[in-house]
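I opened a new model today and kept notes as I went. These are my entries, in the order I looked things up.

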Amino acid sequence: AAHLPLFDVRMAGKIPNLASWSQEEQDELDAALRTYPSTGGLGTVERWRMIAAWVGTRSKKECAARYLEIRGALKAMQAQAASAAAKLKADEEIAKETEAARAAAARAAAAA
């Protein structure tokens with residue numbers, strides 16, 4: 001079954017310091033992370049050794065650093081999106097309240 005990439009290198013331009021990996025390397029890292037999950041029973045050192053061997057062009061230190069960079073960047077992007085969604089919801093509530101106040105004022109003016 002086809003898997004969506006965990007990270008698309010085209011997003012790297014929006015995140016400082018992440019553009020140094022090719023999409024092929026990133027795809028290999030994604031596949032290795034799925035193949036060797038942290039819950040897979042391997043020790044940390046052995047897991048990253050296996051992941052680096054899978055990627056083939058990067059050391060275990062580079063693979064682990066890349067994973068941590070991307071995880072942090074994605075968490076920051078998710079937090080930013082959640083913040084923007086909360087602001088949009090608050091703005092919508094203010095707009096509804098403002099419209100209700102205008103309607104009430106128009107009714108009061110018409111009754112007077």
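I started with Glu24, which lies in helix H1. One thing to keep in mind from here on is that this is a predicted model. Is Glu24 buried or exposed? I looked up its relative accessibility, found 64%, and so noted Glu24 as exposed, since the cut-off for that is over 50%. Next I checked a distance from Glu24 to Val55: the two are 31 residues apart in sequence, yet their C-alpha atoms are 9.0 Å apart in space.

**Entry: the whole chain**

I stepped back to count elements. The protein chain has 3 helices and 0 strands, and from the N terminus on I read the order as α-α-α. I then asked what share of the 112 residues is buried, and the figure is 23%. The chain exposes about 7900 Å², and 60% of that comes from carbon and sulfur atoms. I also looked at contacts with a separation of 6 or more: 46% of them are between residues 24 or more positions apart.

I went to Gly56, which is in the loop between H2 and H3. Its relative accessibility is 59%, so I put Gly56 down as exposed.

**Entry: the core**

Which residues make up the largest nonpolar core? I listed 11 of them: Trp21, Leu29, Ala32, Leu33, Tyr36, Trp48, Ile51, Ala52, Val55, Cys63 and Ala64. Two or more residues each come from helix H1 (23-35), helix H2 (44-55) and helix H3 (60-111). H2 gives the most, with 4 residues.

Leaving out residues up to four places away in sequence, Ala32 touches Ile51 and Trp54.

**Entry: Trp54**

That sent me to Trp54, which is in helix H2. Its relative accessible area is 35%, so I wrote it down as partly exposed. What does Trp54 contact, apart from its neighbours within four places in sequence? My list has Glu28, Ala31, Ala32, Thr35 and Tyr36. For Tyr36 I also noted the spacing: Trp54 and Tyr36 are 18 residues apart in sequence and 9.9 Å apart in space, C-alpha to C-alpha.

**Entry: H2 against H3**

I turned to how the helices cross. The axes of H2 and H3 come within 8 Å and cross at roughly 95 degrees. An angle of 65 to 115 degrees counts as roughly perpendicular, so I noted H2 as roughly perpendicular to H3. On the H2 side, the contact is made by Val45, Trp48, Arg49, Ile51, Ala52 and Val55; on the H3 side, by Lys60, Cys63, Ala64 and Tyr67. Sorted by class, I have 8 nonpolar, no polar and 2 charged residues here.

**Entry: H1 against H3**

How far apart are the axes of H1 and H3? I read off 11 Å, with a packing angle of about 90 degrees. These two helices are therefore roughly perpendicular to each other as well. H1 brings Gln26, Leu29 and Leu33 to the contact, and H3 brings Cys63, Arg66, Tyr67 and Ile70. By class I wrote down 5 nonpolar, 1 polar and 1 charged.

Methods: Residues numbered from 1 in each chain as written. Predicted model: local features only at pLDDT ≥ 70, side-chain atom pairs only at ≥ 80, totals over all residues. Heavy atoms only, no water. Core = buried A, V, L, I, M, F, W, Y, C linked by side-chain atoms within 4.5 Å. Buried < 20%, exposed > 50% of the residue type's maximum accessible area, 1.4 Å probe, protein only. Contact = heavy atoms within 4.5 Å. Areas by Shrake-Rupley, 256 points an atom, 1.4 Å probe, with all protein chains shown as cover. Axes fitted to C-alpha atoms, helices over the stretch in contact; angles between N-to-C directions. Parallel < 35°, antiparallel > 145°, perpendicular 65-115°, else oblique. Nonpolar A, V, L, I, M, F, W, Y, C, P; charged D, E, K, R; others polar.
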